[in-house]
Amino acid sequence: MKKSELKEYIKEMIISELEGAVNLDKNANPADIKKFTAKGINVNLKENEDEEDEAKLEKKAQAAAKKGGGKVGKLQRVTAQLKELEKEMKELVGKWKKAEGKEKETLLDKLKEKTKVKKELEALEDKLADAIV
């Protein structure tokens, strides 16, 4: 049985049951009940279709996330490297503040090199973040 046929069959069964119940209530108008019930069933069927559409969208979102998974992983690694580099730079700045003479110049050169790497990592991080979004 096709899905549309099944829906129609269920709809007719519910209407039939409700009409039987209406016959027990002498004050109820069977035409009004049938009209109201049919609208209610259509709404419920529409809600099921919406749920199916949501399931399809969820599936597409999962596929997109899986497709971008490599980029997400790479972004996480770059972010971790950036944080580690910033930590190293803070330690170097602390040493640089205490150093004197040639040692101070050597530490400054290291900081300059690490600053270049930091800028490259930041640019890569921004590029990966944009690609994921």
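## Salt bridges in a predicted model

The side chains of Glu 88 and Lys 114 meet in a salt bridge, with N and O 2.9 Å apart. Glu 88 belongs to helix α3 (residues 69–98) and Lys 114 to helix α4 (residues 101–132), so this pair ties together parts that are 26 residues apart in sequence. The structure described here is a predicted model. Side chains of opposite charge can pair when their charged atoms come close.

A search of the whole structure finds 3 salt bridges.

| Salt bridge | N to O distance |
|---|---|
| Glu 88 and Lys 114 | 2.9 Å |
| Glu 113 and Lys 116 | 3.7 Å |
| Lys 118 and Glu 122 | 3.9 Å |

The pair Glu 113 and Lys 116 lies in helix α4, where the two residues are 3 residues apart and therefore separated by about one helical turn. Lys 118 and Glu 122 also lie in helix α4; these residues are 4 residues apart, which again means a separation of about one helical turn.

The exposure of the paired residues may be considered next. In the second pair of the table, Glu 113 is partly exposed, with a relative accessible area of 47%. Within the pair formed by Lys 118 and Glu 122, Lys 118 is partly exposed at 23%, and Glu 122 is partly exposed at 29%.

Key: Residues are numbered from 1 along each chain as its sequence is written. This is a predicted model: local features need pLDDT of at least 70, side-chain atom pairs count only at pLDDT 80 or more; totals for chains, interfaces and linings use all residues. Side-chain values use heavy atoms; hydrogens and water are left out. A salt bridge is a side-chain nitrogen of Lys or Arg within 4 Å of a carboxyl oxygen of Asp or Glu. Buried means under 20% relative accessible area, exposed over 50%, partly exposed in between (1.4 Å probe, protein chains only).
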